[in-house]
Amino acid sequence: MKAIGYLQFDGKAEEALVFYEKALQATNVKKVKYGAFGQDPNSPLTEEEQNMIMESRMEFSGNILMISDVLPFMQAMTGEITKGNTTLISIIDADPEMNKQSFEKLSEGGTVIMPLSSTPWSASFGMLVDRFGVTWKFNSEASKFLDSFK
């Protein structure tokens with residue numbers, strides 16, 4: 001299990017990714033856009049939303065930083081993205097059972113944004129805001145997912 005920095009943006013993730021890649025002399029930069037997945041006919045994404053970053057990762061000096069855009073409809077659940085609330089703690093590459101235990105404990109007195117569940121990109125994915133207002137994102141297969149894209 002790893003805990004890493006994760007930055008969220010409202011359509012500026014691509015710009016931030018380029019900036020931080022250069023500023024931090026990052027290597028092994030990977031990204032996936034929302035458009036890489038098929039459209040949900042009940043909730044189609046605009047062309048602009050399809051070009052937003054769903055997930056990205058960069059490595060620098062032995063560290064990992066992940067960056068993504070939060071789609072407008074998702075902000076109804078997560079809260080509006082404004083400067084100052086763009087950081088969360090992401091638990092990546094953990095065993096799904098470990099995710100479950102940590103998720104349950106952290107959600108006590110907090111708010112579950114997305115319950116832990118299997119998704120097309122992870123066997124164990126979920127999000128919550130703990131009782132102190134800290135946002136946590138769990139993705140048991142973050143590295144494997146990003147490594148599957150060129």
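This report covers the sheet, the helices packed on it and the salt bridges.

The model is predicted: local features need pLDDT of at least 70, side-chain atom pairs count only at pLDDT 80 or more, and totals for chains, interfaces and linings use all residues. Residues are numbered from 1 along each chain as its sequence is written, and side-chain values use heavy atoms, without hydrogens and water.

Eight strands form an open, mixed sheet in the order 2-3-4-1-5-8-7-6. Strands are DSSP runs (E, at least two residues), as are helices (H or I, at least four), numbered from the N terminus. Two strands pair if DSSP finds at least two bridges between them. Strand 5 (87-92) and strand 8 (135-139) run parallel, joined by four bridges. Ile91 stands opposite Phe138 in strand 8.

Helix 4 (96-107) packs on the sheet, touching strand 5, strand 6, strand 7 (122-129) and strand 8. Contact means heavy atoms within 4.5 Å.

The structure holds six salt bridges. Each needs a side-chain nitrogen of Lys or Arg within 4 Å of a carboxyl oxygen of Asp or Glu. Three of them are tabulated below.

| Salt bridge | N to O distance |
|---|---|
| Lys31 and Glu14 | 2.3 Å |
| Glu55 and Lys137 | 3.3 Å |
| Glu141 and Lys144 | 3.8 Å |

Glu55 lies in strand 3 and Lys137 in strand 8, 82 residues apart. Glu55 is buried, at 2% relative accessible area. Lys137 is buried too, at 6%. Lys144 is exposed, at 60%. Buried means under 20% relative accessible area, exposed over 50%, partly exposed in between (1.4 Å probe, protein chains only). Glu14, Lys31 and Lys33 are linked in a network of salt bridges.

Note on methods: Axes are lines fitted to C-alpha atoms, for helices over the stretch in contact, and angles run from 0 to 180 degrees between N-to-C directions.
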